[in-house]
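Hi everyone, thanks for making time today. Let me put the structure up on the screen, and then we can walk through it together.

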Amino acid sequence: MKRNSVLELGVGIFMLAGILGLVFLGLRVSGLGVGMPSDTFTLNANFSNIGGLRPDAKVTMSGVRIGKVTDIELDQKWFDAKVVMELDSQYDGKLSEDTTAAILTSGLLGEQYIGLTVGGAPDTLHDGDVIRDTQQALVLEELIQQFVSNMAN
Amino acid sequence: MNDPIMIEVKDLHFTRGKTQIFRGVDLQIPLGKITAIMGPSGTGKTTLLKLIGGQLTPDRGQVLIDGQDVHKLSRRALFGLRRRMGMLFQSGALFSDLDVFENVAFPLRIHTDLPNAMIRDIVLMKLQAVGLRGARHLMPSELSGGMARRVALARAVALDPELVLYDEPFVGQDPISMGVLVQLIKKVNQALGLTAIMVSHDIKETLSIADYVYIIADGQVMSHGTPSTLDVNDDAHVRQFVHGEPDGPVPFHYPAPDFYDDILAPAGQFS
Amino acid sequence: MIDRIASLGRATLDVLAAIGRAGLFLFHSIVCLPSREGIYLWIRQMHFVGVMSMAIVVVSGLFIGMVLALQGFTILVGFGADEALGQMVALSLVRELAPVVAALLFAGRAGSALTAEIGLMKATEQLTSMEMIGVDPLRRIVAPRLWAGFVSLPILTVIFGVVGIWGGYLVGVKWLGVYDGSYWSNMQDSVSFVGDVLNGIIKSLVFGLVVTWIAVFQGYDLIPTSEGISRATTRTVVYASLAVLGLDFILTALMFGDLG
């Protein structure tokens with residue numbers, strides 16, 4: 001059978017384009033490897049209402065991405081939401097014990113994410129610790145309700 | 001007919017859909033001779049070749065090649081048998097994605113492990129025999145109908161088969177390429193000592209090269225003999241076919257009500 | 001009434017027989033050992049069904065990405081959420097539009113060509129003569145085409161998605177002025193590689209197999225006349241498109257149905 005090198009080259013470029021495209025979809029579009037350091041440590045936080053927070057949502061500090069939410073479940077003891085976060089291990093032991101976690105929204109209707117703010121306590125958080133001071137998600141209906149009842153007063 | 005028999009067809013029955021194509025065909029194909037199978041179009045001549053080649057299975061009856069029943073062979077044995085057969089198709093059936101050289105080389109590459117240089121020699125020899133050695137780099141789409149059939153002939157004999165089946169080799173050819181093909185088939189057959197079965201309805205050309213002729217009509221063998229005996233045969237079917245008479249046992253008119261009544265049918269009764 | 005029931009039964013049996021034939025056909029074609037020559041034949045078909053469909057896929061992907069960004073922007077800006085443009089463009093492309101539109105284009109461009117090519121081979125007795133020479137046309141003609149379709153469509157889908165996202169970037173960021181960083185970071189936050197990208201590719205693998213299977217089978221099974229070829233070509237495009245849209249719903253329900 002005769003071979004045709006132009007044709008083989010064309011098919012080779014085609015398959016290479018497919019692989020590069022997949023790499024692009026992986027790195028640039030799904031953000032694999034971006035803000036996902038290989039070494040992480042885990043922190044927990046309980047929220048009375050998480051709103052629309054989902055696993056894989058980002059965790060930021062001063063707007064800088066430092067980790068992501070890995071798991072959300074209902075705490076059977078307190079009946080509030082227990083959120084598990086994985087943070088970059090370089091912050092392990094750097095965040096003060098009174099760090100606060102708040103569920104924030106990007107834009108008015110955008111994705112929800114967790115924002116951390118450090119406090120001033122000398123002790124620090126380590127792998128598996130729990131953040132005590134949390135601020136629940138802003139739920140639009142509750143805001144409106146508050147606003148209406150304020151108007152009524 | 002005193003020649004040794006290569007192929008024997010016994011009591012062949014074949015039905016396609018609801019039409020019965022063959023009802024008891026008996027043929028004997030002598031070794032090393034050109035046997036023509038003739039008949040009006042639509043009598044299943046091509047089907048007969050496919051039955052002999054083992055591509056179709058008959059409802060009843062046998063096809064014996066060298067005493068082996070073609071339709072009882074295993075796939076492997078059939079494959080081996082086909083190595084000894086070449087077939088020239090009505091349209092040439094060249095593979096449209098391969099050039100002339102590769103088309104002729106195809107059976108060699110499939111059935112043999114010959115080195116490339118040897119394959120090249122054989123292919124050029126075969127192409128030289130059909131006068132198309134210079135056209136070896138053309139694609140089938142660039143060939144005229146006659147040339148395509150010559151290439152197909154070269155491919156059919158590439159493996160030096162013992163048996164070649166020709167399916168309507170002359171159909172739709174101009175007089176020159178028809179003459180060329182007639183000469184070629186004759187020459188190739190004599191040179192290689194082939195047994196050939198040729199299906200055709202081109203009477204003049206077929207009678208000029210065939211050693212023996214079978215005429216098939218209505219799913220049965222109507223008559224058989226050498227070309228010279230058929231020419232003077234008195235049977236109405238044979239005479240109509242061999243002499244090309246427009247009317248006879250095969251009627252000119254499609255069945256219809258009486259012409260006179262049809263013409264004079266009162267208005268409003270047209271059907 | 002009895003007649004109707006009888007004809008319904010006959011039609012059902014015909015359909016079942018056709019499905020059975022198509023299934024056996026697929027089985028006989030795919031189950032074969034790859035050979036060196038087989039790989040060469042496959043490369044040829046990759047060129048025919050894959051590389052030759054690149055142009056139409058790139059152009060359509062670009063325009064669909066651009067339109068998505070334009071439409072999405074006008075809607076999102078009403079909620080002040082134009083930052084979420086990247087996420088919207090990427091999710092709709094990766095999950096739905098890239099696999100489905102690429103498969104529809106593929107059915108029209110490569111599927112119809114495959115049917116016509118194999119039909120013409122059947123009409124010119126090439127398949128029969130191959131059998132007479134002792135080569136199984138299912139292995140030599142059909143198998144490389146099936147494998148080429150199965151491999152090319154996912155590649156075309158990935159290319160469609162990438163070009164579409166880039167088209168959305170051109171319109172959203174360069175023209176409408178969405179902030180560059182939020183286009184990409186919103187996308188990265190919401191698109192999951194396994195959940196979205198890989199699921200999209202699984203869809204396109206299924207579509208690639210089904211579209212090529214329909215195209216090749218229609219070519220192999222047609223009545224070898226010019227009318228038969230043109231009918232089979234039309235059937236390929238219609239059946240393949242319907243199969244893609246129907247399967248898309250089923251696959252989407254299986255993959256994303258239990259979310260939220």
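Let's begin with the largest nonpolar core, which has 151 residues. Which of them touch the most other members? Those are Val151(B) and Val211(C). If you ask which element gives the most to this core, look at H6(C), with 20 residues. And please keep in mind as we go that this is a predicted model.

Now, zoom in on Val151(B). Setting aside its neighbours within four places in sequence, Val151(B) is in contact with Gly92(B), Leu94(B), Val100(B), Asn103(B), Val104(B), Val130(B), Leu132(B) and Leu143(B).

Next, let's see where chain C meets chain A. Here, 33 residues of chain C are in contact with 29 residues of chain A. On the chain C side, the elements that give two or more residues are helices H2 (36–50), H4 (85–123), H6 (137–175), H7 (180–190) and H8 (193–221) of chain C. H2(C) supplies the largest share of that side, 7 residues. And what is that side made of? It divides into 20 nonpolar, 8 polar and 5 charged residues.

Finally, a word on confidence in chain A. Its mean pLDDT is 82, and 91% of the residues in chain A reach 70 or more. Where in chain A is confidence highest, and where is it lowest? The highest is in helix H1 (residues 5–29) of chain A, at 88, while helix H2 (residues 140–152) of chain A has the lowest, at a mean of 81.

Key
Residues numbered from 1 in each chain as written. Chains lettered and ligands numbered in written order. Predicted model: local features only at pLDDT ≥ 70, side-chain atom pairs only at ≥ 80, totals over all residues. Contact = placed C-beta atoms within 7 Å. Helix = DSSP H or I, 4+ residues; strand = E, 2+ residues; numbered from the N terminus. Nonpolar A, V, L, I, M, F, W, Y, C, P; charged D, E, K, R; others polar. Core = buried A, V, L, I, M, F, W, Y, C linked by C-beta atoms within 7 Å. Buried ≥ 20, exposed ≤ 12 C-beta atoms within 10 Å, placed from the backbone. pLDDT = per-residue confidence, 0-100.
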